[in-house]
Amino acid sequence: MADTRPPRDLRLTVSGGLGVLLCAFTLLEVNYPLLAPQSRLAFFALVGLALCFLNVPVHPKLKEDPRARASDLVLAVLAVCCCGYIVVQTDPIFEAWWIDGQTLGNRAGFETALDTSIGLVGLLLVIEAARRALGLALPLLAGAFILYALFGAAFPDWLFPHRGYSIPRVVAQTFLHSQGIFGVALNVMFTYVFLFVIFGAFLEATGATRFIVDFAQRVFGRSSGGPAKVAVLSSGLMGSLSGSAVANTATTGTFTIPMMRSAGFQPVTAAGVQAAASSGGALMPPVMGAGAYMMLEIVDPPVTYLEIIRAALIPAILYYLSLILIVHLHAKRVAIAAGGTPGDADATGPDTPEAEARSHAAGIVFGAALGSLILFLVLGYTAFRAVTLSLVVIVAVSSLHKATRLDWRFTILSLVTASRGVVPLVAAAACVGIIIGIVTLTGVGTRLPATIIPLAEQSLFLALVLIMISSIILGMGLPSAVCYLLMATLIGPVLGNLGVIPLAAHLFIFYFGMMSMVTPPVALAAYAASSIAGTRIMPTGLAAFRFALVGFTLPYMFIYRPELLMLTATGEPAGVLDMLLPVAIATLGVTCFAAGIAGQLSRPLGLGLRLAIFAAAGLLLAPGPTIALAGIDLAVFDVAGGLLFCGVLVANRRSA
């Protein structure tokens with residue numbers, strides 16, 4: 001049989017060319033728009049889907065099968081044709097080619113058979129691309145929503161029946177117009193996320209990844225539990241750039257997990273620490289992954305990017321503080337029990353003058369990149385303009401030292417790497433667009449909250465628990481940003497109707513979407529860590545879940561104490577004095593929680609003291625009634641929790 005597979009070098013060349021095209025188009029079109037909004041998203045999807053079919057095989061076992069690779073090429077061409085049709089039929093540049101002299105939008109409700117046929121093929125291509133890039137969970141969910149749109153009249157009352165829609169109507173809603181695939185989800189990926197992916201790829205090309213680990217080693221290398229603290233700090237810094245828990249684990253875990261194991265940590269513990277630390281990366285400003293950019297489009301009333309990262313700062317610091325405390329106390333406890341000192345291994349970073357110089361130069365680039373990004377945001381630039389200008393800063397500053405200098409080969413390689421990294425995000429956003437389009441078409445987005453509100457209106461806490469469970473379940477099979485987008489669309493209005501500050505409500509949903517990365521049985525960050533550490537998946541997932549437990553309490557804390565988001569109860573910016581007491585109480589509560597998880601304070605905690613310190617943490621973290629004493633309002637639970645912590649501390653110091 002003749003080999004119909006395109007030459008491998010040709011495939012790589014075409015894929016690389018498309019990657020560079022995608023980066024160049026996005027940088028130019030976001031900053032200097034030329035195409036109509038739907039047209040630019042269609043072109044973005046065109047290149048992204050083509051890259052997906054060229055680089056992700058239909059099945060891993062068929063990666064080199066000539067017939068499968070030929071079919072991949074056919075699907076890539078079909079994706080170009082379907083998305084290209086949207087570009088041509090919507091943008092004024094191609095007015096001469098419009099059918100009946102009208103744009104696709106003006107033909108709404110009167111689509112031609114050609115429109116529907118191309119839209120149906122495009123719809124199926126998006127679902128297949130999502131299956132290849134992300135697995136079955138999201139395509140199956142999209143398929144379920146399509147069936148719901150088609151056969152809604154046959155559904156029972158408890159499944160929100162509707163009159164049902166025809167295939168042409170569903171295709172028009174999801175593919176041909178701007179409420180579906182080429183809607184808010186893909187727009188967020190195009191306008192914000194991809195630029196930050198390019199930002200991270202350029203930083204990695206200059207050596208900033210290694211600098212992050214070296215910096216963390218200098219800070220914590222010789223302290224008790226030092227390698228685990230290195231993992232926590234480096235994951236926080238790296239995760240803020242990547243926004244992906246799995247990518248963060250794979251990147252920094254290759255350095256930190258062997259380091260922790262060599263210092264005496266058990267393999268499961270090392271993997272659990274890394275997974276928990278990586279999962280919090282997207283919660284750490286200033287980048288925060290895709291979720292922050294989606295909030296720009298969804299939160300009502302609108303908020304600025306600076307307001308989002310300002311609100312997210314204190315909870316993120318508390319999360320990483322808890323991890324630092326847990327690994328520190330865990331190392332102390334193991335050292336006492338075993339007579340050793342795990343974590344005291346020498347890990348001071350570069351050990352040669354050349355390595356020191358490279359790390360120093362990469363540190364300057366890293367500092368200039370993040371510093372300029374924050375500066376441009378503070379000066380009032382939009383997020384996409386700020387990151388574009390920061391890219392210019394990276395290129396300029398990196399050119400000052402030969403160790404970080406980017407020649408044209410490295411630049412092209414960085415662009416290709418960035419484009420391949422965004423392929424799963426493009427596929428996910430396009431597939432989520434199908435769901436959002438159907439939610440809009442059928443009205444289930446308003447009917448579902450209307451059903452939940454009566455169940456939860458008597459208890460805000462019950463509503464929060466229901467939303468937490470929903471977010472974690474959805475997040476088990478979906479990327480965190482995708483989970484947030486779905487939950488914000490379906491459930492977000494519930495919290496708004498219950499009197500919660502809108503930004504706090506959206507951060508609550510986003511947090512639990514991220515926590516799904518360490519929630520068994522499907523804990524993707526823990527899976528990645530276990531593969532590096534060579535441990536079993538389920539024990540690693542349970543270890544990661546244990547270390548990340550504080551992350552499950554923080555969202556409740558900032559809902560009831562909005563001062564942790566630097567906001568007042570009415571959503572206005574909070575003053576420093578307003579924040580002092582809530583932050584102090586939350587810090588003490590996190591400290592109690594960390595001590596309970598590690599089973600250690602100044603000495604190991606017995607069962608009774610361990611239960612007592614968990615109780616103290618619960619009292620400090622939970623809302624409660626207040627009493628007036630000498631003109632000062634004191635929270636009863638906070639006072640009780642503080643007194644209980646003091647009692648545990650005294651008893652622990654006196655214990656043998």
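Helices (H or I, at least four residues) and strands (E, at least two) are DSSP runs here, numbered from the N terminus. The structure is a predicted model, in which local features need pLDDT of at least 70 and side-chain atom pairs count only at pLDDT 80 or more, while totals for chains, interfaces and linings use all residues. Residues are numbered from 1 along each chain as its sequence is written, and side-chain values use heavy atoms, with hydrogens and water left out.

**The whole chain**

Begin with the protein chain as a cartoon, where there are 27 helices and 2 strands. Of its 656 residues, 54% count as buried, a term that means under 20% relative accessible area, with exposed meaning over 50% and partly exposed in between (1.4 Å probe, protein chains only). Among contacts between residues at least 6 apart in sequence, 74% join residues at least 24 apart, where contact means heavy atoms within 4.5 Å.

**Stop 1: the loop between α5 and α6**

Select F160, which lies in the loop between α5 and α6. F160 has a positive phi of about 55° although it is not a glycine, and with a relative accessible area of 16% it is buried.

**Stop 2: helix α6 and its neighbours**

Next select α6, which is largely enclosed by the rest of the structure, because 7 of its 10 residues are buried. The buried residues are V170, V171, A172, Q173, T174, F175 and L176, and they pack against α2 (37-55), α3 (66-90), α4, α5 (137-150) and α16 (408-442).

The crossing of α4 over α6 is left-handed, a term used if the near helix is turned anticlockwise from the far one by less than a right angle, with right-handed used if clockwise. To display the contact, show D115, T116, I118, G119, L120, G122 and L123 of α4 together with P168, V171, T174, F175 and L176 of α6. By class, this contact has 7 nonpolar, 4 polar and 1 charged residues, where Ala, Val, Leu, Ile, Met, Phe, Trp, Tyr, Cys and Pro count as nonpolar, Asp, Glu, Lys and Arg as charged, and the others, Gly among them, as polar.

**Stop 3: I434 and the nonpolar core**

From T174, move to I434, which touches T174 as well as L123, V126, I127, A142, I146, G180 and I181, not counting residues up to four places away in sequence. I434 is one of the residues, with F182, F199, Y305 and F508, that touch the most other members of the largest nonpolar core, a set of 217 residues. Such a core is a set of buried Ala, Val, Leu, Ile, Met, Phe, Trp, Tyr and Cys residues joined through side-chain atoms within 4.5 Å. The largest share of this core, 17 residues, comes from α16.

**Stop 4: helices α14 and α15**

Now select α14 (residues 353-378) and α15 (residues 383-398), which pack at an angle of about 155° with their axes 8 Å apart. That angle makes α14 roughly antiparallel to α15, given that angles under 35 degrees count as roughly parallel, over 145 as roughly antiparallel, 65 to 115 as roughly perpendicular and the rest as oblique. The crossing is right-handed. On the α14 side, the residues in contact include I364, V365 and A368, and on the α15 side they include A383, A386 and I394. The residues of this contact divide into 14 nonpolar, 3 polar and no charged.

From here select T206, in the loop between α7 and α8 (208-220). T206 touches A362, V365, I394, S398, A403, T404 and L406, leaving out residues up to four places away in sequence, and it is buried, with a relative accessible area of 3%.

**Stop 5**

In helix α7 (residues 184-205), pick T191, which counts as buried at 12% relative accessibility. Its contacts, leaving aside neighbours within four places in sequence, are with V30 and F384. N187 also has its place in α7, but N187 counts as partly exposed at 22% relative accessibility.

**Last stop: two loops**

Finish with P301, in the loop between α12 (289-298) and α13 (305-338), where the peptide bond from D300 to P301 is cis, with omega near 5°. Then select D100, in the loop between α3 and α4, which has a positive phi of about 60° although it is not a glycine and is exposed, with a relative accessible area of 66%.

Notes: Axes are lines fitted to C-alpha atoms, for helices over the stretch in contact, and angles run from 0 to 180 degrees between N-to-C directions.
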